[in-house]
Amino acid sequence: MRLLLLLSSALLATSHYFPSTPSHSDWNPARATYYAATDPIDAVGGACGYGDLVKNGYGKATAALSTVLFEKGQICGACFEIRCVEDLRWCIPGTSIIVTATNFCAPNFGFDADAGGKCNPPNSHFVLPIEAFEKIAIWKASNMPVQYRRIRCRKEGGVRFTIGGGGVFISVMISNVAGAGDLSAVKIKGSRTGWLPMGRNWGQNWHINADLKNQPLSFEITSSDGVTLPSYSVAPKNWEFGQSFEGKQFNS
């Protein structure tokens, strides 16, 4: 049995610039703000369910998305390139950052969308760790106009499957997904079963009620761009709840 050794070092967002290629979508307008984590727990959890973002390899290259971008959690794992625009006083010219969607910026309907409700519909808004924000703009800028585009994700190693639950209830948190980054369907298979469809619990946590103990587990995942990737016998026969395993990876 081989447990996956999760990354333990923080991966800070770095400055990038990419010319337009067929693998990138068009630039779209949005705004971005930042947060500064005052407690380590601020980097743990999130609406996508990835848990400790540092240990799971996302580091500070992450973003919380407003309602119109979050797509009720299906967007979790997708990658975006963001650049600062328009305000030459605060922007750092020629730079951009690449972030993964890991959280949700909830609306605040006590304020108008053009006032304090920065994440209210119809706003396209990203909330970034200050470490990422400062790669493209000076922190004093606060609420900045930006441009963003969806890009393909590049990840080290294979897709990670973390098994949770208990008894016949099985949940699987799927992370480190390259290519499109987000998933539209997941199936699981024991050695004594066929392929069983899993339901989305929340974010990229998927679940099923099935007795699959003492069976090696295989997974078949489908990304939002329609690519299906099977990984056979990812977890050995003696897998246990709480363990993580590594499968195949999408092309980036």
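**Close-up views of a predicted model**

**View 1. Leu65 between two neighbouring strands.** Leu65 stands opposite Phe126 in strand 5. This is a predicted model. In strand 4, Leu65 has a second bridge partner, Phe104. Strand 2, residues 62-65, runs antiparallel to strand 5, residues 125-129. 2 bridges join strand 2 to strand 5. Strand 2 also pairs with strand 4, in the parallel sense. That pairing spans 4 bridges. Strands of a sheet pair through backbone hydrogen bonds, either parallel or antiparallel.

View 2

**View 3. Strand 3 alongside strand 4.** These two strands run antiparallel. They are joined by 4 bridges. Phe80 marks one place to look: the bridge partner of Phe80 in strand 4 is Val99. The loop between strand 3 (79-84) and strand 4 (97-104) carries Ile92.

**View 4. A nonpolar patch on the surface.** Three residues make up this patch: Ile92, Ile138 and Trp139. Together they have about 260 Å² of accessible area. Ile92 counts as partly exposed because its relative accessibility is 32%. The class of partly exposed residues lies between buried, under 20%, and exposed, over 50%.

**View 5. The disulfide of Cys48 and Cys76.** A search of the whole structure finds 4 disulfides. A disulfide is a covalent bond between the sulfur atoms of two cysteines. In this view, the sulfur atoms of Cys48 and Cys76 are 2.0 Å apart. The torsion about their S-S bond is about -80°, so the disulfide is left-handed. Cys48 lies in the loop between strand 1 (28-35) and strand 2, and Cys76 in the loop between helix 1 (67-70) and strand 3, so the pair ties together parts that are 28 residues apart in sequence. Cys48 and Cys76 are each buried.

**View 6. The disulfide of Cys79 and Cys153.** Cys79 is bonded to Cys153, with 2.1 Å from S to S. The torsion about the S-S bond is about 120°, so this disulfide is right-handed. The pair links distant parts of the chain, 74 residues apart. Cys79 is in strand 3. Cys153 is in the loop between strand 6 (144-151) and strand 7 (160-166). Both cysteines, Cys79 and Cys153, are buried.

**View 7. The disulfide of Cys105 and Cys119.** The sulfur atoms of Cys105 and Cys119 are 1.9 Å apart. The link is right-handed, with 95° about the S-S bond. Cys105 and Cys119 each lie in the loop between strand 4 and strand 5, so the pair ties together parts that are 14 residues apart in sequence. Cys105 is buried, and Cys119 is buried too.

**View 8. The cysteine pairing along the chain.** Here the bonded cysteines of the protein chain are numbered in sequence order. The pairing then reads 1-2, 3-8, 4-5, 6-7. These pairs belong to the 4 disulfides found in the whole structure.

Notes. Residues are numbered from 1 along each chain as its sequence is written. This is a predicted model: local features need pLDDT of at least 70, side-chain atom pairs count only at pLDDT 80 or more; totals for chains, interfaces and linings use all residues. Side-chain values use heavy atoms; hydrogens and water are left out. Patches are made of residues with over 30% relative accessible area and no salt bridge: like charges are joined within 9 Å, nonpolar side chains (Val, Leu, Ile, Met, Phe, Trp, Tyr) within 5 Å. Accessible areas come from the Shrake-Rupley method with a 1.4 Å probe; for residues, only the protein chains shown count as cover. A salt bridge is a side-chain nitrogen of Lys or Arg within 4 Å of a carboxyl oxygen of Asp or Glu. Buried means under 20% relative accessible area, exposed over 50%, partly exposed in between (1.4 Å probe, protein chains only). Two strands pair if DSSP finds at least two bridges between them. A disulfide is a pair of cysteine sulfur atoms within 2.5 Å.
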